[in-house]
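Hi,

Could you take a look at this one when you have a minute? The structure is just below, and my notes come after it.

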Amino acid sequence: MAVELGSTSALASAWRRFDAAADVLGLSDNTRRLLREVKRELTVHFPVHHDDGTVRLYTGFRVQHNINRGPAKGGIRYSPDVTLDLVKALAMLMTWKCAVVGIPYGGAKGGVIVDPGILSLHELEHLTRRFATEIALLIGPEKDIPAPDLGTTPQIMAWIMDTVSMHAGHSVTASVTGKPTDVGGSEGRQEAAGRGVTYLTLEALKYLHVGEETPTVAVQGFGKVGASTARLLHEAGLRVVAVCDSRGGVYNPKGLDLAALEEHRQVRAGVSGFKKADDITGDELLELPVTVLVPAAIEQQITSRNADRVRARLITEAANAAVSPDADAILHENGVFIVPDILANAGGVIVSYFEWVQDLQAFFWEEEEINTKLHHVITRAFYEVLHASVNKRIDMRNAAYVLAVQRVANATTVRGIYP
Ligand code: NAD
């Protein structure tokens, strides 16, 4: 039941934020109705042979929210907490994310209700190929391009690409992004979301004139996004004092030895119990006295329940929908600056876009070029949002939504769907 409430509120939050932007823009009721709803939603139930001989039925979803600015783009999530409403909310966020950073995609998301951690490699491959086949009528390089998200990996993307290619009779590398580089993946994609989070954290600290010599950081979630963010912020000269995963966290005010922590995590399958730090809970991490807080795990982590106790000066919202709308208001009141999810974690989809472009032209770029282009695109978007925020006297989240919704509304109108 807790899961249902969480996912329902992710969709309710997405609608609330859209409505707030639509109010600022004075959007017509017709345009609002159109942009509030998803374009397509597919639910599939499919069998998977398990190693013990049983056949189990799984449920998955693929949702396309809006494709007026280009093909649908969005990750695939494997988690027991996936619901159709959550996938709809995340698909909507993808539309705004692509629009706010100005890349020519619409928004999509997919997911399977499964805990990937308890499947064998063989079961995971079987599930992935079967799911890819079930949603094959929607996905493809010109239509809808999946990518990794919570609980999915480059290997899983390679299986999806291979399944699509088997149906087509030739390699369709541009059908997914976030693949290994051996099969058309892009340099820099693996840590692109974390790199974008890092670039914007540094820009925001500059804008805020943070006086501390070594700003401190706490990162919630130590997966693809959280771990790379922690490493890159450390390399940029910040002091990462706390990280956590779903099992618990660790804190050392003098700074964590991230290389040693990574080794510990690989052996212990989690960060807890690391000798050179104190164990803390995930909730405690969110309330630490740090300069920067990076939620990089799941949605609805900072809500009206705990927002008042957040002591960070800056939140770079790496995880989608980590902060609730009620928490936004409290944090704003308390002077906490937020780089919102649709902007903060857009590095992933920006480099996914580069990967797709490279696959389509079968010509690959070097990592330095990719990082330079990523920096350009995401920093430009940050300053566009900042200017809108200052000029319209609205917070960064509302400003990001206003820019994004305006762009999607423009595309809708110019294509002939008049408001
Ligand atoms: P991941 O599966 O690689 O890692 C998730 C991490 O969060 C793990 O360390 C897990 O243990 C931890 N976690 C899960 N529940 C937790 C909880 N309740 N408390 C503390 N930690 C918890 O996933 P990821 O790809 O790093 O994605 C993380 C977030 O970033 C998601 O919101 C995702 O939508 C978003 N995102 C990912 C990408 C990408 O390219 N992977 C891009 C943009 C946004």
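First, the ground rules. This is a predicted model, so keep in mind that local features need pLDDT of at least 70 and side-chain atom pairs count only at pLDDT 80 or more, while totals for chains, interfaces and linings use all residues. Residues are numbered from 1 along each chain as its sequence is written, and side-chain values use heavy atoms, with hydrogens and water left out.

The sheet

Five strands make up an open, mixed sheet, in the order 1-2-4-3-5. Strands here are DSSP runs of E with at least two residues, helices are runs of H or I with at least four, and both are numbered from the N terminus. Two strands pair if DSSP finds at least two bridges between them. Strand 1 (40–49) and strand 5 (144–148) sit at the edges with a single partner strand each, so one side of each has no neighbour in the sheet. From one strand to the next, the twist averages 25° (axes are lines fitted to C-alpha atoms, with angles from 0 to 180 degrees between N-to-C directions).

Strand 5 is mostly covered, and five of its five residues are buried (buried is under 20% relative accessible area, exposed over 50%, partly exposed in between, with a 1.4 Å probe and protein chains only).

The cavity

The count is one cavity of 30 Å³ or more. A cavity is a set of points on a 1 Å grid over the protein atoms alone where a 1.4 Å probe fits but cannot get out, and lining residues have an atom within 4 Å of a point. The largest cavity holds about 40 Å³ of space, the volume being what probe spheres set on the points fill. Its lining consists of Ala10, Ser13, Ala14, Arg17, Ala89, Leu93, Ala321 and Tyr401. Helix 1 (2–25) and helix 3 (84–100) each supply at least two of the lining residues, and helix 1 has the largest share, with four.

The rings

There are 10 aromatic pairs (rings of Phe, Tyr and Trp, the last by its six-membered ring, with centres within 6.5 Å; planes under 30 degrees apart are stacked, over 60 edge-to-face, the rest tilted). Tyr105 and Tyr353 have ring centres 5.7 Å apart and planes at 85°, so this pair is edge-to-face. The pair links distant parts of the chain, 248 residues apart: Tyr105 is in the loop between helix 3 and strand 4 (106–113), and Tyr353 is in helix 12 (residues 347–361). Tyr353 also makes a tilted pair with Phe354, at 6.0 Å centre to centre and 45° between the planes. Tyr105 is buried at 0% relative accessible area, and Phe354 is buried at 6%. Ring pairs join Tyr105, Tyr353, Phe354, Trp356 and Trp365 into a cluster.

Two phi values

Most residues other than glycine have a negative phi. Ala269, in the loop between helix 8 (258–268) and strand 9 (278–280), has a positive phi near 55°. Ala362 has a positive phi near 50°; this residue lies in the loop between helix 12 and helix 13 (367–392) and is exposed, at 62% relative accessible area.

Cheers

Definitions and conventions: On a 1 Å grid over the protein atoms alone, a cavity is a set of points where a 1.4 Å probe fits but cannot get out, and a pocket is an open set with protein on both sides within 12 Å along at least five of seven lines; lining residues have an atom within 4 Å of a point.
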